[in-house]
Amino acid sequence: MTRTTTASPVRAVTLCLPDELFRDGGADADGIGRYGAQALAIGDEITGAGYEVQTVRLSSPALGRPLGYDELRARAAGLVEGCRRAGVGSASLGALRPSALVELEPSHVADVLVAYPSLFLAAVVADGGEVDHAAVAFSGAVVRELASRDAEANFRFAAVAHLGANAPLFPGSYSDGGAAGVSVGLQSAGPLLARAREAAPRDLTGATELTRNGLREQLAPLEDLLRPACERRGLLFHGFDPSPACAPDASIGEFLETVGGVRFGSPGTMAACAAVTAGIRSVGRPLVGYTGLMLPVLEDRVLALAWQQGRIDSDSVLAYSSVCGAGMDTVPLPASTRESEVVAMIADMAALSARWSKPLSARLMLAPPGADPHRTEFRAEQIINIDYPTPAAAATHQPAASPTSANSTPSPA
């Protein structure tokens, strides 16, 4: 099978690990390593078919019982060692359900994420139509604690709500703990944007159709490849998260502007988000994860500029999430932001998710104490650094200096 030149890169091949590897307060590094080798072999098959595979990852089961700091750290150490043996670059330590937080402190979570920079972790703040406000407060404290220790670490932590198991995209991913299986996320903004540039749809109905047809063309040959690849290895195929991920040269914001005929943040943006999301959710393939439109503010040049110029803020991004996707992703917060404000933002996300039982998350990029109050200073190559909008810019949408990447060649994670 040979892919076309417009096929989406594969952003993540994620193997979701069984619970049997995480017994007796630790993690079976040998078993994790064997599953890691299988994940890499599937990634190699996809690469051999002509696709670019950006990451191969492992995802651990959610944690739903009380555990202490020593057990959390032991699980993390075993998971990292298993990844090292297989040559897998990153892994999710899973998701901490509210019942798992009883014996943990926010500092414990920060300790683990700072000590193991290849790991991602989430905390569940809403599920079953209910918000757990203690978990919300815990998550806000983790964000503050991480910012004080490692400015980049909040990129690997999120508060999540109503996100199902076996999602491929981090940091919300966790496995259901059953038989091992594979899920896949695409970086499809580029091919979709190319289609829209070639023939922009006349209306929002056309935007839905363009999105649906473009994703179906991407997913069909990949499913034909992945199902037998998983079956040969005794693995389940969980499905795709077709949420279009952006790239340095392919902005989801630009795609929305092109198909919606609006400047991002202006009236009509929500309607464009809804139309594109309708296309994403009607592709007719096995779907997992967010299955919606993702708006990562500091990973997308159009969104970053809109934030810098005051055309969007946390409230408007969350409002767009009511009809589309992932909540508040890589939202920039200056160091002066109070912990109570961080908690309130997470609570807003959780309330919206609980009201509509839809998967959302909050990944908040809080600057460390003493950071520049006027501009973000993140070093991660995925991040686009911007000036914080001034009240005057937010009120008048005055242009500011162009955002800049933290590195010269940023690439999504």
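The lining of the largest cavity divides into 13 nonpolar, two polar and five charged residues. Here Ala, Val, Leu, Ile, Met, Phe, Trp, Tyr, Cys and Pro count as nonpolar, Asp, Glu, Lys and Arg as charged, and the others, Gly among them, as polar. This is a predicted model: local features need pLDDT of at least 70, side-chain atom pairs count only at pLDDT 80 or more, and totals for chains, interfaces and linings use all residues. Residues are numbered from 1 along each chain as its sequence is written, and side-chain values use heavy atoms, with hydrogens and water left out.

**The cavity**

- Rolling a probe the size of a water molecule over the atoms shows where empty space is left.
- On a 1 Å grid over the protein atoms alone, a cavity is a set of points where a 1.4 Å probe fits but cannot get out; lining residues have an atom within 4 Å of a point.
- Grid points are joined across faces, edges and corners, and a volume is the space filled by probe spheres set on the points.
- The count comes to one cavity of 30 Å³ or more.
- The volume of the largest cavity is about 200 Å³.
- It is lined by 20 residues, and Arg11, Phe170, Met294, Asp329 and Arg363 are the closest to its centre.

- Arg363 lies in strand E10 (residues 360-366). Strands (E, at least two residues) and helices (H or I, at least four) are DSSP runs, numbered from the N terminus.
- Is Arg363 buried or exposed? Arg363 is buried, because its relative accessible area is 6%. Buried means under 20% relative accessible area, exposed over 50%, and partly exposed in between (1.4 Å probe, protein chains only).
- Its side chain makes a polar contact of 2.7 Å with that of Asp329. Another polar contact, of 3.4 Å, joins the side chains of Arg363 and Glu299.
- A polar contact is a pair of N or O atoms within 3.5 Å; within protein, one must be able to donate a hydrogen and the other to accept it, and residues adjacent in sequence count only if both atoms are side-chain atoms.
- Leaving aside neighbours within four places in sequence, Arg363 is in contact (heavy atoms within 4.5 Å) with residues including Asn154, Phe170, Pro171 and Val331.

- Asn154 sits in the loop between helix H4 (133-149) and strand E6 (157-161).
- Asn154 counts as buried because its relative accessibility is 0%.
- Not counting residues up to four places away in sequence, Asn154 touches Val142, Val143, Leu146, Ala147, Arg363, Leu364, Met365 and Leu366.

**Pockets**

- A pocket is an open set of points with protein on both sides within 12 Å along at least five of seven lines.
- The largest pocket has a volume of about 360 Å³. Of its 20 lining residues, Trp307, Asp313, Ser314, Pro332 and Leu333 lie nearest its centre.
- Which strand supplies the largest share of this lining? Strand E9 does, with four residues.
- The second largest pocket holds about 190 Å³ of space. Ten residues line it, and Pro117, Phe155, Arg156, Ala380 and Gln382 lie nearest its centre.

- The expected span of a helix is 1.5 Å times one less than its number of residues.
- Helix H1 (residues 29-48) has 20 residues and should span 28 Å; its end C-alpha atoms are 28 Å apart, which agrees.
- Asp28 caps the N-terminal end of H1, with a side-chain oxygen 3.1 Å from the backbone nitrogen of Asp30.
- Buried residues of H1 pack against elements including strand E1 (10-16) and helix H2 (69-86).
- Helix H11 (residues 339-356) has 18 residues and reaches 26 Å, close to the 26 Å expected.

- Most residues other than glycine have a negative phi, and most peptide bonds are trans.
- A cis peptide bond joins Phe170 and Pro171, with omega about 5°. Pro171 is in the loop between E6 and E7.
- Asn166 is not a glycine, yet has a positive phi of about 70°. Asn166 counts as buried, because its relative accessibility is 7%.
- Thr291 is not a glycine either, and has a positive phi of about 50°. Thr291 lies in the loop between helix H8 (269-280) and helix H9 (301-308).
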